[in-house]
Structure formats: structure tokens, C-alpha cells
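User: I'm new to this one and would like to go through it slowly. Could you show me the structure before we start?

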Amino acid sequence: MNSFTLQNGTLHAENVSLNNIANDYGTPCYVYSKAALVNAYTQFCAGLKHTDHLVCFAVKSNPNLAILNLFASLGAGFDIVSGGELARVLAAGGSADKIVFSGVGKTADEMQAALTANIFCFNVESASELVRLNDVAASMGKKAPVSLRVNPNVDAKTHPYISTGLKNNKFGVAFEEAFALYQQASAMPNIAVHGIDCHIGSQITEVTPFIDALDRVLGLVDELEAAGVAIAHIDVGGGIGICYADETPPAFHTYSEAILAKIGKRKVKLVFEPGRALVGNAGILLTKVEYIKETESKNFAIVDAAMNDLMRPALYDAYHEILAVEPTNNNNTKTYEIVGPVCESGDFLGHDRNLSLKQGDLLAIMSAGAYGMSMASNYNTRPRAAEVMVNDNQTRLIRARENIADLFAGEKILD
Ligand code: LLP
């Protein structure tokens with residue numbers, strides 16, 4: 001389903017023209033389609049109807065309270081990686097008993113907050129984290145529910161910065177060490193072993209790496225159960241890719257059918273941690289052309305969004321489609337570098353885009369719903385953009401544009 005379509009020559013989000021959104025809320029502005037969000041979540045769950053499952057939306061991909069609240073209302077759980085994300089989920093009305101807590105660097109305070117909230121499970125990533133969690137739980141007179149995040153050493157065939165399941169990266173417990181660590185965990189008085197977890201990377205566009213990882217995980221589950229360590233849930237992580245340009249990620253049902261086939265008749269709850277696949281194509285970044293600058297070698301369209309608003313192109317050389325909000329059919333198409341005002345040569349949003357542009361035109365940077373606003377910064381003292389949710393022909397502001405005074409309100413001039 002595409003929620004961003006041309007209607008009468010103007011790009012719309014559902015049934016609202018992006019021109020109107022720019023007029024009402026200004027630019028740069030993130031725009032989300034509620035229907036696309038609901039549809040993605042519903043489709044993701046469709047193939048899991050007959051399976052005991054929990055879909056934990058990866059908060060880091062888009063932590064806006066309105067988005068978390070929408071997913072919570074649809075029954076989602078959440079994958080968090082910080083105390084900040086825990087607070088957000090709770091503020092958004094998410095249920096603590098559907099939260100999994102991932103991440104390699106959990107502090108004692110974060111553990112305490114999560115134990116106080118009674119989360120569903122900690123995904124523990126190292127032996128030292130396990131010891132700390134046991135200590136924190138002991139100090140509170142609690143037992144911490146735990147999965148070990150194992151590193152199955154499979155190649156997710158994705159960008160090296162977002163591949164996490166290989167031996168040489170910082171995530172998870174080495175596969176060879178996991179069995180022994182499970183035995184230690186089972187003997188710890190304030191740890192309750194509940195499950196097993198793995199997450200191999202992000203923007204994965206094939207099913208095979210997921211199944212290879214699951215194969216290894218299931219082998220370990222068998223060994224553990226034979227040794228008397230019961231595993232009640234398997235968390236298969238997130239990572240399904242989306243289409244930014246011409247990628248062909250597996251359909252949700254293809255992915256879930258393959259996983260369910262591998263699980264077979266096992267009596268186990270399945271946990272999923274999708275982020276990008278639920279929000280990526282449900283959001284765009286709306287921006288205005290401030291200047292056209294033509295040089296001998298390149299034409300630049302300098303827009304009012306920048307790397308601080310959408311970091312993915314600068315950081316990963318990621319491709320996002322860029323569409324004119326009012327495409328013209330004249331013959332003035334030129335090849336543009338779409339760049340922001342930030343003082344870095346790496347501040348680009350797209351290279352070599354064929355567009356017909358003039359000052360004041362609006363552009364939509366597509367597929368920006370995941371890891372867009374969540375990775376935005378205030379570099380160059382730029383206020384972060386507004387966020388707007390569209391529902392049919394209605395718009396609602398879900399995050400106000402930051403104001404400049406707030407950006408340095410916490411700073412002090414020394415006397
Ligand atoms: N679970 C864990 C433990 C994760 O580390 C991640 C993402 C997810 C789930 C969700 O993965 P997803 O379904 O969204 O692929 N900033 C990068 C992506 C970083 C992903 C980090 N971990 C980007 O913009 O491409």
C-alpha cells in the first residue's frame with residue numbers, strides 16, 4: 001500500500017496535499033501516514049495468528065510518543081535499548097510486560113528502572129552484564145527474566161555498519177560460549193532464564209540469513225533443553241528490510257512462513273523486534289528548495305533539510321528517493337545534488353537526481369520513517385523538525401518544531 005500518491009498533480013500523504021502541510025507546519029517536517037503504520041503492523045502480524053507471539057516494535061527506529069501509542073493500541077510490545085526508551089514507552093501507554101530490553105551497555109540504573117517496571121525480558125549481551133543484572137535484581141529482592149542474545153555468526157549481507165550477527169562485532173554472546181553462560185545464568189539466584197535472542201542486522205533483504213541464524217539458535221535450544229535449561233521464548237530480532245530504491249525484501253508472510261516452518265511443532269513463544277519494516281515507508285521528510293546553485297561541474301539544490309535531520313545518506317551513503325511535490329512536465333529537467341545548509345561536504349540528501357526545480361519548490365524525501373527523526377541532531381544549532389501524523393484528510397502535529405532558545409537553555413556562561 002502506498003500512502004504517498006499524486007492526486008491532481010500534487011503529492012499527497014493519504015488525502016492531504018503536502019503543500020498544505022508545508023503551509024500549515026513549515027519545513028523541514030516529517031510526515032507520517034497513520035494508515036501505512038497500521039497496515040504495516042497488521043500485515044506483520046497476519047501470518048502469526050495461529051502462533052503464540054509478541055511483536056516488539058524497535059523503538060529506536062522511531063520513538064515518537066504518538067507512534068508508540070498507536071502501536072501499543074494495536075497490541076504491540078516494544079524493544080528498547082535505554083532507560084530513555086523505557087520511559088518513552090511507559091509515557092506512551094505501552095505495557096511493561098511486553099517490553100524486551102536489548103543493548104550491550106545497560107547501566108545499573110537502567111536495569112533497576114526496568115526491574116521496577118516489571119518488563120517481559122532482558123536480552124543480556126555479555127557475562128559481565130549477567131553478573132551486574134543478578135546483583136541489581138538481588139538488591140531489589142527480584143528475579144530478572146533473561147534471554148541471552150547469542151551471536152550466530154551469520155552474514156546478514158547488509159551494510160557493515162548495520163550488520164550485527166558476525167563474530168567480529170560487539171553484539172551478543174559468542175555462540176561457542178552461550179551454552180556455558182546459560183548454565184551459569186541458571187545457577188544465579190536472581191536470574192530467571194526465560195528465552196533466547198538473536199538479532200543479526202538491519203535492512204536485510206533475503207530470508208536465508210534469518211533462517212541460518214534460527215537454525216543455529218534452535219540447535220542451541222535443543223542442547224539447553226537436554227541439559228535441563230528450559231527456553232520458553234525465542235526472540236528472532238528485527239532486521240527485515242524495506243524498499244528504498246529497487247530492493248526486493250521478502251514479504252512479511254514469506255518471512256514468517258519460513259520462520260514458522262523452521263520452528264515446526266516446538267511449543268515456544270516467538271518474539272519479533274521489527275523497526276524499519278513497520279515505519280520506514282510510512283514517513284517522509286518534507287523540505288523546501290532554498291536556492292538553486294549552478295556551478296561548472298554540478299547543479300546544487302540547497303534545501304532546508306540537512307544531514308542533522310536525516311543522517312542516513314551522510315552516514316551510510318544510503319539512498320532515499322526524492323520526489324517533487326508538484327512535478328512539472330516541462331523540459332527543464334537537470335541533474336541535481338540535493339544538499340542541505342550544514343557546513344560539511346558530507347551534507348547531502350541525494351546525488352545525481354533528475355528533477356525540474358526552482359527556488360521555493362517542495363521535495364519529499366521518501367522512506368524516511370525509520371531512523372530519520374530518531375537519529376536527528378542539533379548540529380549547526382539547527383532545531384529539530386516538526387512531525388505530523390496524517391489520518392485520511394486530517395493532520396495532527398505529533399512533535400512541535402524545536403525552538404532555538406531551547407537548544408542552549410541548559411548551557412551556562414561562566415562568571
Ligand atoms: N533489535 C535490535 C537488538 C536492534 O539492534 C535493532 C536495530 C532492531 C531490533 C531493529 O532492526 P530493524 O528491524 O529496524 O532493522 N540506523 C541504521 C539502522 C540501525 C539498526 C540498529 N539496530 C539505519 O538507519 O539504517
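User: What does K60 do with its side chain, and how far is it from an oxygen atom of the ligand?

Analyst: In this predicted model, a polar side-chain atom of K60 lies 3.2 Å from an oxygen atom of the ligand; a polar contact here is a pair of N or O atoms within 3.5 Å, and within protein one must be able to donate a hydrogen and the other to accept it, with residues adjacent in sequence counted only if both atoms are side-chain atoms. Local features need pLDDT of at least 70 and side-chain atom pairs 80 or more, while totals for chains, interfaces and linings use all residues. Residues are numbered from 1 along each chain as its sequence is written, and side-chain values use heavy atoms, leaving out hydrogens and water.

User: How far from an oxygen atom of the ligand are the polar atoms of Y371 and G239?

Analyst: For Y371 a polar side-chain atom lies 2.6 Å from a ligand oxygen atom, whereas for G239 a polar backbone atom is 2.8 Å from one.

User: And how many residues surround the ligand?

Analyst: There are 19, and the closest are S202, E273, R312, Y316 and Y371, where a residue counts if one of its heavy atoms lies within 4 Å of the molecule.

User: Switching to pockets, how much space lies in the largest one?

Analyst: About 860 Å³ lies in the largest pocket, the volume being the space filled by probe spheres set on grid points that are joined across faces, edges and corners. On a 1 Å grid over the protein atoms alone, with a 1.4 Å probe, a pocket is an open set of points with protein on both sides within 12 Å along at least five of seven lines, and lining residues have an atom within 4 Å of a point. Of the 40 residues that line this largest pocket, K60, V81, E85, Y371 and M375 are the closest to its centre.

User: Where does it lie relative to the domains?

Analyst: Domain 1 (4-32 + 280-407) and domain 2 (34-279) both give residues to the lining of the largest pocket, so it lies between them; the bounds come from an automatic or database domain assignment.

User: Last topic, strands: how do β15 and β17 pair?

Analyst: Strand β15 (residues 299-303) and strand β17 (residues 334-339) pair in the parallel sense over four bridges, with E337 in β17 as the bridge partner of F300. Strands are DSSP runs of E, at least two residues, numbered from the N terminus, and two of them pair if DSSP finds at least two bridges between them.

User: What about β17 and β18?

Analyst: Those run antiparallel, joined by five bridges, and V339 has F348 in β18 as its bridge partner.
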